[in-house]
Amino acid sequence: HRPSMPLLPILQLAVAAALCALSPPLAVFLATGASPSLVTSFLLTALFWFPGVAHAGWIVWGSLLQGGG
């Protein structure tokens, strides 16, 4: 028997990952609000998509681990 994970955290992680991939600045905004990280996310996404996604993932993952999401 495998331990089951509650459904809500799985959905929350899936939505966060999708937002990070589709709109990195929106994901960062939802995780941190209007913050310096939001500006950084906009700049990285404007330079090239992948750095924006990586930065958003870093910020959102940290927010979820701290219980902020």
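This is a predicted model: local features need pLDDT of at least 70, side-chain atom pairs count only at pLDDT 80 or more; totals for chains, interfaces and linings use all residues.
Colleague: What is the mean confidence of the protein chain, and where is confidence lowest and highest?

Modeller: The mean pLDDT of the protein chain is 84, and 84% of its residues reach 70 or more. Helix H1 (residues 7-22) has the lowest confidence, with a mean of 82, whereas helix H3 (residues 36-47) has the highest, at 92.

Colleague: Which elements make up the protein chain?

Modeller: The protein chain contains four helices and zero strands. Read from the N terminus, the order of its elements is α-α-α-α.

Colleague: Why is H2 called roughly parallel to H4?

Modeller: The axes of helix H2 (residues 24-32) and helix H4 (residues 49-65) cross at roughly 20° and come within 9 Å. Angles under 35 degrees count as roughly parallel, and H2 is therefore roughly parallel to H4. The crossing of the two helices is left-handed.

Colleague: Which residues of H2 and H4 meet?

Modeller: From H2, the residues are Pro24, Ala27, Val28, Ala31 and Thr32. Their partners in H4 are Gly52, Val53, His55, Ala56, Ile59, Val60 and Ser63.

Colleague: How do the residues of this contact divide into nonpolar, polar and charged?

Modeller: Eight are nonpolar, four are polar and none is charged. Gly counts as polar under the definition applied, so Gly52 of H4 belongs with the polar residues.

Colleague: What share of the protein chain counts as buried?

Modeller: Of its 69 residues, 23% count as buried, the cut-off being under 20% relative accessible area.

Terms used:
Residues are numbered from 1 along each chain as its sequence is written. Side-chain values use heavy atoms; hydrogens and water are left out. pLDDT is the predictor's confidence in each residue, from 0 to 100. Axes are lines fitted to C-alpha atoms, for helices over the stretch in contact, and angles run from 0 to 180 degrees between N-to-C directions. Angles under 35 degrees count as roughly parallel, over 145 as roughly antiparallel, 65 to 115 as roughly perpendicular and the rest as oblique. A crossing is left-handed if the near helix is turned anticlockwise from the far one by less than a right angle, and right-handed if clockwise. Contact means heavy atoms within 4.5 Å. Buried means under 20% relative accessible area, exposed over 50%, partly exposed in between (1.4 Å probe, protein chains only).
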